[in-house]
Amino acid sequence: MPLILFNKPFQVLCQFSPQEGRESLADYLDIPGIYPAGRLDADSEGLMLLTDDGKLQHKIAHPDHKEAKTYLVQVDGVPDAAALARLQAPLDLGDFVTQPCRAVRIAEPEWLWPRNPPIRARQDKPTAWIAITLEEGKNRQVRRMTAAVGFPTLRLVRSSIGPFSLATHPLMPGEYTEVTM
């Protein structure tokens, strides 16, 4: 039962079926019978887990199992303690209220690769990095959370899922490795 750790590049679709003019998982992974355990938006990067085991896929992806996922988020502006507190508390996003989470300011990770294309730099507005750890994962949730507290996401990288992390399994975008459970 393989468990594949894959570093999804920016703008790659989280599907194996081709879509004209867009890269998908099939452009990087030629392993029959595997499926993603969870998704990342095309404009997000980072760790994905893929497996051929339906029970394991469900355990990883389903919110009932509370598998912690950490996202490194570069935001427009520099959030203060109040903004971080709002991110950590239940946050009403209109169609749902988030569960409490962990959100801390961090330095840009040294192991993080440059994004291609790079984030636009603005001389008059600084950016900052936040590590957000969730045990849920609704569509575009992290982006919506940072925007709701006034700090739109510029770059989003999922760095870990449960015990698996890009810090301990260094993979460049488009690379993958197989691990045993």
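## Salt bridges: the ground rule

A salt bridge here is a side-chain nitrogen of Lys or Arg within 4 Å of a carboxyl oxygen of Asp or Glu. By that rule, the side chains of Asp43 and Arg143 form one, with an N to O distance of 3.7 Å. This pair joins distant parts of the chain, 100 residues apart: Asp43 sits in the loop between S2 and S3, and Arg143 in helix H3. Helices (H or I, at least four residues) and strands (E, at least two) are DSSP runs, numbered from the N terminus.

Before going on, please note that this is a predicted model, in which local features need pLDDT of at least 70 and side-chain atom pairs count only at pLDDT 80 or more, while totals for chains, interfaces and linings use all residues. Residues are numbered from 1 along each chain as its sequence is written, and side-chain values use heavy atoms, with hydrogens and water left out.

## A charged network

In total, the structure holds five salt bridges. Asp43 also takes part in one with Arg140, at 3.2 Å from N to O. Arg140 is in the loop between S6 and H3, and Asp43 in the loop between strand S2 (35–36) and S3, so this pair ties together parts 97 residues apart in sequence. Through shared partners, salt bridges join Asp41, Asp43, Arg140 and Arg143 into one network.

Asp95 is exposed, with a relative accessible area of 58%, whereas Arg144 is partly exposed at 26%.

## A buried arginine without a salt bridge

Now for Arg158, which belongs to strand S7 (residues 153–161). Arg158 is buried yet has no salt bridge, and the nearest side chain of opposite charge, Asp41, is 9.4 Å away. For that charge count, Lys and Arg are positive and Asp and Glu negative, with His and the chain ends not counted.

What does the side chain of Arg158 meet in a polar contact? The partner is the side chain of Tyr71, at 3.4 Å (a polar contact is a pair of N or O atoms within 3.5 Å; within protein, one must be able to donate a hydrogen and the other to accept it, and residues adjacent in sequence count only if both atoms are side-chain atoms).

## The nonpolar core

The largest nonpolar core has 29 residues, and Leu50, Leu87 and Ile132 have the most contacts inside it. Such a core is a set of buried Ala, Val, Leu, Ile, Met, Phe, Trp, Tyr and Cys residues joined through side-chain atoms within 4.5 Å. Among the elements giving two or more residues are strand S3 (45–51), helix H2 (81–88) and helix H3 (141–148). The largest share, four residues, comes from S6. Domain 1 (3–63 + 162–179) and domain 2 (69–161) both contribute, so this core lies between them; the domain bounds come from an automatic or database domain assignment.

Key
Buried < 20%, exposed > 50% of the residue type's maximum accessible area, 1.4 Å probe, protein only.
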